[in-house]
Amino acid sequence: MSALDNIKVVLVGTLYSGNVGSACRAMANMGIRKLVLAAPNIQNGWDEGERMAVHADDVLHNRQEFATFEEAVADCVAVVGTTARGGLYRQHVKAPCDCAADLLSLAETGPVALVFGREDKGLLNEEIAQCTHLIRIPVDEGYTSINLAQAVLITCYEMFTASGSYQPPHEKAPPAPQAQKQQLMKNWQIMLRDIGFIADDKQTEHMMQGIHRIFSRGVFTRDDAAIMLGVARQALWAHRNPALEGRKPSIA
(Lines give C-alpha, C1' and ligand atoms only; values in the text may rest on other atoms or scores of the structure.)
Protein backbone atom coordinates (compact mmCIF):
# COMPACT_ATOMS: atom_id res chain seq x y z
CA MET A 1 0.00 0.00 0.00
CA SER A 2 1.35 3.43 -0.91
CA ALA A 3 1.20 6.50 1.30
CA LEU A 4 -1.43 7.95 -1.04
CA ASP A 5 -3.77 5.15 0.04
CA ASN A 6 -3.70 6.62 3.54
CA ILE A 7 -4.61 10.14 2.38
CA LYS A 8 -8.27 11.02 2.66
CA VAL A 9 -10.07 14.17 1.62
CA VAL A 10 -12.50 15.48 4.22
CA LEU A 11 -15.13 17.97 3.03
CA VAL A 12 -16.81 19.82 5.88
CA GLY A 13 -20.36 21.13 5.62
CA THR A 14 -20.39 20.98 1.83
CA LEU A 15 -23.40 22.67 0.24
CA TYR A 16 -23.43 21.61 -3.41
CA SER A 17 -23.15 18.09 -4.75
CA GLY A 18 -21.54 19.33 -7.97
CA ASN A 19 -18.55 20.47 -5.94
CA VAL A 20 -18.36 17.06 -4.30
CA GLY A 21 -18.47 15.33 -7.68
CA SER A 22 -15.80 17.63 -9.10
CA ALA A 23 -13.65 16.98 -6.03
CA CYS A 24 -14.00 13.23 -6.65
CA ARG A 25 -12.70 13.69 -10.18
CA ALA A 26 -9.77 15.76 -8.91
CA MET A 27 -8.93 13.13 -6.31
CA ALA A 28 -9.02 10.28 -8.83
CA ASN A 29 -6.69 12.23 -11.13
CA MET A 30 -4.12 12.22 -8.34
CA GLY A 31 -4.52 8.65 -7.11
CA ILE A 32 -6.41 9.57 -3.92
CA ARG A 33 -9.71 7.75 -3.57
CA LYS A 34 -10.88 8.09 0.04
CA LEU A 35 -13.58 10.73 0.45
CA VAL A 36 -15.17 11.70 3.75
CA LEU A 37 -18.04 14.13 4.21
CA ALA A 38 -18.35 15.73 7.63
CA ALA A 39 -21.78 17.17 8.44
CA PRO A 40 -22.73 17.54 4.77
CA ASN A 41 -25.45 20.09 4.04
CA ILE A 42 -26.25 19.27 0.42
CA GLN A 43 -28.82 21.69 -0.94
CA ASN A 44 -29.47 20.33 -4.43
CA GLY A 45 -29.59 16.53 -4.33
CA TRP A 46 -26.97 14.22 -5.85
CA ASP A 47 -27.75 14.30 -9.57
CA GLU A 48 -25.24 17.06 -10.26
CA GLY A 49 -22.65 15.32 -8.13
CA GLU A 50 -23.05 12.13 -10.13
CA ARG A 51 -22.68 14.08 -13.36
CA MET A 52 -19.61 16.05 -12.27
CA ALA A 53 -17.80 12.98 -10.92
CA VAL A 54 -17.63 11.59 -14.51
CA HIS A 55 -15.51 8.40 -14.27
CA ALA A 56 -14.70 8.91 -10.58
CA ASP A 57 -18.17 7.84 -9.52
CA ASP A 58 -16.62 5.04 -7.44
CA VAL A 59 -15.00 7.69 -5.22
CA LEU A 60 -18.38 9.34 -4.79
CA HIS A 61 -20.26 6.12 -4.13
CA ASN A 62 -17.70 4.81 -1.64
CA ARG A 63 -17.66 8.02 0.41
CA GLN A 64 -18.05 7.95 4.15
CA GLU A 65 -20.32 10.39 5.95
CA PHE A 66 -20.09 11.51 9.57
CA ALA A 67 -22.35 13.77 11.59
CA THR A 68 -19.45 15.79 13.02
CA PHE A 69 -15.97 16.92 12.07
CA GLU A 70 -14.55 15.24 15.18
CA GLU A 71 -15.88 11.84 14.10
CA ALA A 72 -14.60 12.30 10.56
CA VAL A 73 -10.97 12.76 11.64
CA ALA A 74 -10.94 10.64 14.80
CA ASP A 75 -8.64 7.96 13.33
CA CYS A 76 -6.17 10.36 11.68
CA VAL A 77 -2.55 10.82 12.70
CA ALA A 78 -2.55 14.24 11.02
CA VAL A 79 -5.38 16.66 10.26
CA VAL A 80 -4.44 19.18 7.60
CA GLY A 81 -6.75 22.17 7.39
CA THR A 82 -6.89 24.41 4.34
CA THR A 83 -7.53 28.10 4.82
CA ALA A 84 -7.46 31.24 2.70
CA ARG A 85 -8.01 33.59 5.64
CA GLY A 86 -5.55 35.00 8.11
CA GLY A 87 -5.99 35.41 11.83
CA LEU A 88 -4.58 34.49 15.20
CA TYR A 89 -4.94 30.74 14.72
CA ARG A 90 -3.94 30.74 11.05
CA GLN A 91 -0.45 32.23 11.17
CA HIS A 92 1.55 29.00 10.88
CA VAL A 93 0.27 28.07 7.44
CA LYS A 94 2.49 26.50 4.78
CA ALA A 95 2.08 26.03 1.06
CA PRO A 96 1.03 22.49 0.11
CA CYS A 97 4.31 21.86 -1.70
CA ASP A 98 6.30 22.76 1.44
CA CYS A 99 4.74 20.11 3.63
CA ALA A 100 3.69 17.39 1.16
CA ALA A 101 6.73 15.19 1.83
CA ASP A 102 6.27 15.38 5.62
CA LEU A 103 2.58 14.57 5.29
CA LEU A 104 3.34 11.55 3.13
CA SER A 105 5.78 10.33 5.78
CA LEU A 106 3.01 10.60 8.35
CA ALA A 107 0.68 8.75 5.98
CA GLU A 108 3.07 5.79 6.19
CA THR A 109 1.99 5.44 9.82
CA GLY A 110 -1.76 6.11 9.59
CA PRO A 111 -4.55 8.08 7.91
CA VAL A 112 -3.90 11.73 7.04
CA ALA A 113 -6.89 14.02 6.46
CA LEU A 114 -6.80 16.87 3.94
CA VAL A 115 -9.64 19.04 5.21
CA PHE A 116 -11.60 21.54 3.12
CA GLY A 117 -14.27 23.84 4.52
CA ARG A 118 -17.63 25.11 3.38
CA GLU A 119 -18.01 26.89 0.07
CA ASP A 120 -19.27 30.04 1.76
CA LYS A 121 -17.39 30.09 5.08
CA GLY A 122 -14.44 27.74 4.88
CA LEU A 123 -13.37 26.11 8.14
CA LEU A 124 -14.55 27.58 11.42
CA ASN A 125 -12.06 28.59 14.13
CA GLU A 126 -13.07 25.66 16.32
CA GLU A 127 -12.33 23.30 13.41
CA ILE A 128 -9.03 25.00 12.67
CA ALA A 129 -8.11 24.50 16.32
CA GLN A 130 -8.38 20.75 15.85
CA CYS A 131 -6.00 20.68 12.88
CA THR A 132 -2.41 19.58 13.36
CA HIS A 133 -1.27 21.37 10.19
CA LEU A 134 -2.56 24.32 8.17
CA ILE A 135 -1.95 24.93 4.49
CA ARG A 136 -2.76 27.82 2.20
CA ILE A 137 -2.57 27.64 -1.57
CA PRO A 138 -0.48 30.59 -2.84
CA VAL A 139 -2.64 32.90 -4.95
CA ASP A 140 -2.68 36.53 -6.01
CA GLU A 141 -3.65 38.77 -3.09
CA GLY A 142 -6.23 40.51 -5.26
CA TYR A 143 -8.47 37.42 -5.28
CA THR A 144 -7.85 34.66 -2.76
CA SER A 145 -11.05 32.63 -3.06
CA ILE A 146 -10.55 29.26 -4.77
CA ASN A 147 -13.28 26.91 -5.94
CA LEU A 148 -13.54 23.87 -3.68
CA ALA A 149 -12.71 21.30 -6.36
CA GLN A 150 -9.79 23.41 -7.58
CA ALA A 151 -8.39 23.55 -4.06
CA VAL A 152 -8.74 19.77 -3.77
CA LEU A 153 -6.99 19.29 -7.10
CA ILE A 154 -4.03 21.54 -6.26
CA THR A 155 -3.51 20.02 -2.82
CA CYS A 156 -3.83 16.43 -4.04
CA TYR A 157 -1.48 17.23 -6.93
CA GLU A 158 1.24 18.24 -4.48
CA MET A 159 0.74 14.99 -2.59
CA PHE A 160 0.85 12.99 -5.81
CA THR A 161 4.02 14.59 -7.16
CA ALA A 162 5.78 14.35 -3.79
CA SER A 163 4.97 10.64 -3.67
CA GLY A 164 7.06 9.97 -6.79
CA SER A 165 4.14 8.12 -8.39
CA TYR A 166 4.54 9.97 -11.67
CA GLN A 167 7.42 8.88 -13.88
CA PRO A 168 7.97 11.18 -16.86
CA PRO A 169 8.60 9.49 -20.21
CA HIS A 170 12.19 8.99 -21.29
CA GLU A 171 13.81 8.93 -24.71
CA LYS A 172 14.02 5.36 -25.98
CA ALA A 173 17.25 5.96 -27.87
CA PRO A 174 20.50 6.67 -26.00
CA PRO A 175 22.30 10.02 -26.42
CA ALA A 176 24.23 10.40 -29.67
CA PRO A 177 28.01 10.03 -29.34
CA GLN A 178 30.23 12.94 -30.36
CA ALA A 179 31.51 11.15 -33.48
CA GLN A 180 27.96 10.83 -34.81
CA LYS A 181 27.28 14.50 -34.08
CA GLN A 182 30.42 15.56 -35.91
CA GLN A 183 29.43 13.47 -38.94
CA LEU A 184 26.02 15.12 -38.82
CA MET A 185 27.61 18.57 -38.95
CA LYS A 186 29.87 17.57 -41.86
CA ASN A 187 26.92 16.25 -43.85
CA TRP A 188 24.87 19.35 -43.14
CA GLN A 189 27.72 21.56 -44.30
CA ILE A 190 27.96 19.64 -47.57
CA MET A 191 24.19 19.72 -48.02
CA LEU A 192 23.96 23.46 -47.38
CA ARG A 193 26.68 24.11 -49.95
CA ASP A 194 25.00 21.81 -52.49
CA ILE A 195 21.62 23.55 -52.28
CA GLY A 196 23.22 26.98 -52.37
CA PHE A 197 22.31 28.07 -48.85
CA ILE A 198 25.99 28.68 -48.17
CA ALA A 199 27.41 30.50 -51.19
CA ASP A 200 31.12 30.63 -50.38
CA ASP A 201 33.80 29.70 -47.88
CA LYS A 202 33.48 33.03 -46.03
CA GLN A 203 29.95 32.12 -44.92
CA THR A 204 30.69 28.53 -43.96
CA GLU A 205 32.28 29.00 -40.54
CA HIS A 206 29.74 31.60 -39.39
CA MET A 207 26.71 29.68 -40.62
CA MET A 208 27.88 26.32 -39.31
CA GLN A 209 28.36 27.82 -35.85
CA GLY A 210 24.71 28.86 -35.96
CA ILE A 211 23.63 25.39 -37.11
CA HIS A 212 25.71 23.76 -34.38
CA ARG A 213 24.07 26.00 -31.77
CA ILE A 214 20.61 25.03 -32.99
CA PHE A 215 21.41 21.32 -32.86
CA SER A 216 22.82 21.74 -29.36
CA ARG A 217 19.93 23.62 -27.77
CA GLY A 218 17.04 23.63 -30.25
CA VAL A 219 15.41 26.52 -32.08
CA PHE A 220 15.38 29.12 -29.33
CA THR A 221 15.86 32.61 -30.73
CA ARG A 222 14.50 34.58 -33.68
CA ASP A 223 17.88 34.16 -35.38
CA ASP A 224 17.68 30.38 -34.90
CA ALA A 225 14.22 30.30 -36.44
CA ALA A 226 15.36 32.51 -39.33
CA ILE A 227 18.25 30.16 -40.13
CA MET A 228 16.03 27.07 -40.17
CA LEU A 229 13.35 28.82 -42.23
CA GLY A 230 16.05 29.87 -44.69
CA VAL A 231 17.35 26.31 -44.96
CA ALA A 232 13.83 25.03 -45.61
CA ARG A 233 13.14 27.65 -48.30
CA GLN A 234 16.46 27.01 -50.02
CA ALA A 235 15.98 23.23 -49.89
CA LEU A 236 12.55 23.60 -51.52
CA TRP A 237 13.97 25.88 -54.20
CA ALA A 238 16.80 23.44 -54.90
CA HIS A 239 14.36 20.57 -55.12
CA ARG A 240 12.14 22.42 -57.59
CA ASN A 241 14.82 24.12 -59.71
CA PRO A 242 15.22 22.26 -63.02
CA ALA A 243 18.82 23.46 -63.29
CA LEU A 244 19.77 21.13 -60.43
CA GLU A 245 18.23 18.01 -61.99
CA GLY A 246 20.71 15.17 -62.38
CA ARG A 247 23.09 16.66 -59.84
CA LYS A 248 24.40 13.91 -57.58
CA PRO A 249 24.36 14.52 -53.82
CA SER A 250 27.76 15.00 -52.21
CA ILE A 251 26.78 13.59 -48.82
CA ALA A 252 28.23 10.17 -48.05
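Analyst: In what follows, contact means heavy atoms within 4.5 Å. The model is predicted.

User: Which residues does Asp224 touch, not counting residues up to four places away in sequence?

Analyst: Asp224 is found in helix 10, residues 222–240. Leaving out residues up to four places away in sequence, the residues that Asp224 touches are Arg213, Ile214, Arg217, Gly218 and Val219.

User: Is Asp224 buried or exposed?

Analyst: Buried means under 20% relative accessible area. Asp224 has a relative accessible area of 0%, so Asp224 is buried.

User: Which backbone nitrogen does the side chain of Asp224 reach?

Analyst: Asp224 belongs to helix 10. At 3.1 Å, the side chain of Asp224 reaches the backbone nitrogen of Thr221.

User: Which residues of helix 7 make the contact with helix 5?

Analyst: On helix 5, the contact is made by Pro96, Cys97, Ala100, Ala101, Leu103 and Leu104. By class, the contact has eight nonpolar, one polar and one charged residues. The residues of helix 7 are Thr155, Glu158, Met159 and Ala162.

User: How far apart in space are Val80 and Phe116, C-alpha to C-alpha?

Analyst: Val80 lies in strand 4, residues 78–82, and is buried, with a relative accessible area of 0%. Val80 and Phe116 are 36 residues apart in sequence. In space, their C-alpha to C-alpha distance is 8.8 Å.

Notes: Residues are numbered from 1 along each chain as its sequence is written. This is a predicted model: local features need pLDDT of at least 70, side-chain atom pairs count only at pLDDT 80 or more; totals for chains, interfaces and linings use all residues. Side-chain values use heavy atoms; hydrogens and water are left out. Helices (H or I, at least four residues) and strands (E, at least two) are DSSP runs, numbered from the N terminus. Ala, Val, Leu, Ile, Met, Phe, Trp, Tyr, Cys and Pro count as nonpolar, Asp, Glu, Lys and Arg as charged, and the others, Gly among them, as polar. Buried means under 20% relative accessible area, exposed over 50%, partly exposed in between (1.4 Å probe, protein chains only). A polar contact is a pair of N or O atoms within 3.5 Å; within protein, one must be able to donate a hydrogen and the other to accept it, and residues adjacent in sequence count only if both atoms are side-chain atoms.
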